[in-house]
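Trainee: I have a model open and want to learn how to read it. Where do we start?

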Amino acid sequence: MNRSLTDGINVLSKLNGKRLLNVLKLFTSYYLSKSTGKVVHWGKPLSMEIEPTTSCNLRCPQCPSGLREFSRNTGMLNLDLYKKIIDEIHEELVWLILYFQGEPFLNKQFLEFVSYASARNIYTATSSNAHYFTDEIAKASVESGLDRLIISVDGTTQDIYGKYRVGGKLDKVIEGTERLLYWKNKLNKTTPHIIWQFIAFKHNEHQIPEIKALAKKIGVDELGIKTAQIYDYQNSADFIPENKDLSRYEKLPDGSYRIKNKLLNQCWRMWRGSVITWDGLVVPCCFDKDATHRFGDVSTDTFQQVWSGDKYNLFRQAILKSRKEIDICTNCTEGTKVWN
């Protein structure tokens, strides 16, 4: 069977009557809100992102974690806080991304996070630079119940890979991937669905044919070619690909750049789920990397208090009124990914 189809069936297997009813509530309230311009919000999170850590071993130049430029604290998610969150939201939750910033596998409790959610039939996913997959950790990762693992592979040679993944070693990524595939086969498992993710930049776009060939040779389940989010895209032309189809930005006649997609006064993310930082702060989405829009703190309050609170609903209302006035939305390019 096609491995992407198998992964899709796995996602659907997480649905039950209660979760389907919740999805219906979320979609209905979202479309009512779009049509009326006033916030209507029913249901609980369908998907969530929870941050295991802000720490990272690499120094990627377009990443706040890599650049060590956070204005918020750096730390590790505590297992007790994590369990508190999952215990409250697991009945409706379908999809859990155990990643926001940082390298998840630096948190020694990471696979406990995975197992705790998997035991509640939640689809679990994460993203890693794959520098920590010893044979032991690769085996444990497969056994944990992790459903999806995205591995960053932004080049087929060390010189190109290292231009963005500063401090990284391509051979470690390949070896780690091979260990994971070995244990999937050895344990006769279909998960995790392993995706190599290639973020397209000007310096590596010429290697796309090579990454396709390498991914096929290694035997990963899927290869994703992803457009890059550039924070200061007006002054970062060295990162923006020449191939227009691989860029979220377009060059204007005066040499400046603008985001291709239109910033509409709507955002499904504000209805379907949240992002929770390692220390319990609830923020709108993955574009709020410094957690500047804080709706509450689940280390002191329940998630439901935050989810239905005034701060959250005022932000949802601001999205419907004028999204361009919200700072984190101005560089939002949701829907402009390229997957091959």
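Predicted model: local features only at pLDDT ≥ 70, side-chain atom pairs only at ≥ 80, totals over all residues.

Trainee: Which residue caps the N-terminal end of α4?

Mentor: Asn78 does. One of its side-chain oxygens lies 2.7 Å from the backbone nitrogen of Asp80.

Trainee: Now the rings. How many aromatic pairs does the structure hold?

Mentor: There are 19 aromatic pairs. A pair of aromatic rings is described by the distance of the centres and the angle of the planes. Take Phe105 and Phe133. Their centres are 4.8 Å apart and their planes stand at 70°, over the 60 degrees needed, so the pair is edge-to-face.

Trainee: Which parts of the chain does that pair link?

Mentor: Distant ones, 28 residues apart. Phe105 is in the loop between β2 (95–97) and α5 (110–118). Phe133 is in the loop between β3 (123–128) and α6 (135–143). Both Phe105 and Phe133 are buried.

Trainee: What about Tyr233 and Tyr249: stacked or edge-to-face?

Mentor: Stacked, because the planes of Tyr233 and Tyr249 are at 25°, under the 30 degrees that sets the limit, with the centres 4.7 Å apart. This pair also links distant parts of the chain, 16 residues apart. Tyr233 is in the loop between β6 (222–227) and β7 (249–251), while Tyr249 is in strand β7. Tyr233 and Tyr249 are both buried.

Trainee: Which residues do ring pairs link into a cluster?

Mentor: Phe27, Tyr30, Tyr31, Trp268 and Trp271.

Trainee: Over the face of which rings does Arg316 lie?

Mentor: Check Trp307 and Tyr312. Arg316 is over the face of Trp307, at 4.9 Å from the ring centre. Arg316 is also over the face of Tyr312, at 3.9 Å from the ring centre.

Trainee: On to cysteines. How many disulfides does a search of the whole structure find?

Mentor: The count is 0. Look at Cys286: its nearest cysteine sulfur belongs to Cys285 and is 5.3 Å away. Cys267 counts as buried because its relative accessibility is 8%.

Trainee: And the loops? Where is His131?

Mentor: His131 is in the loop between β3 and α6. Its relative accessibility is 12%, so His131 counts as buried. Its side chain reaches two backbone atoms: the oxygen of Asn129 at 2.9 Å, and the nitrogen of Lys169 at 2.8 Å. Leaving aside neighbours within four places in sequence, the contacts of His131 include Asn57, Leu58 and Tyr161.

Trainee: Why does Gly43 count as partly exposed?

Mentor: Gly43 has 22% relative accessibility, so the residue falls in the partly exposed class. Gly43 is in the loop between α2 (17–36) and β1. Not counting residues up to four places away in sequence, Gly43 touches Asn22, Lys25, Leu26 and Trp307.

Notes
Residues numbered from 1 in each chain as written. Heavy atoms only, no water. Phe/Tyr/Trp six-rings, centres within 6.5 Å; stacked < 30°, edge-to-face > 60°. Helix = DSSP H or I, 4+ residues; strand = E, 2+ residues; numbered from the N terminus. Buried < 20%, exposed > 50% of the residue type's maximum accessible area, 1.4 Å probe, protein only. Lys NZ or Arg CZ within 6 Å of the ring centre and 35° of its normal. Polar contact = N/O pair within 3.5 Å; in protein donor to acceptor, adjacent residues only side chain to side chain. Disulfide = S-S within 2.5 Å. Contact = heavy atoms within 4.5 Å.
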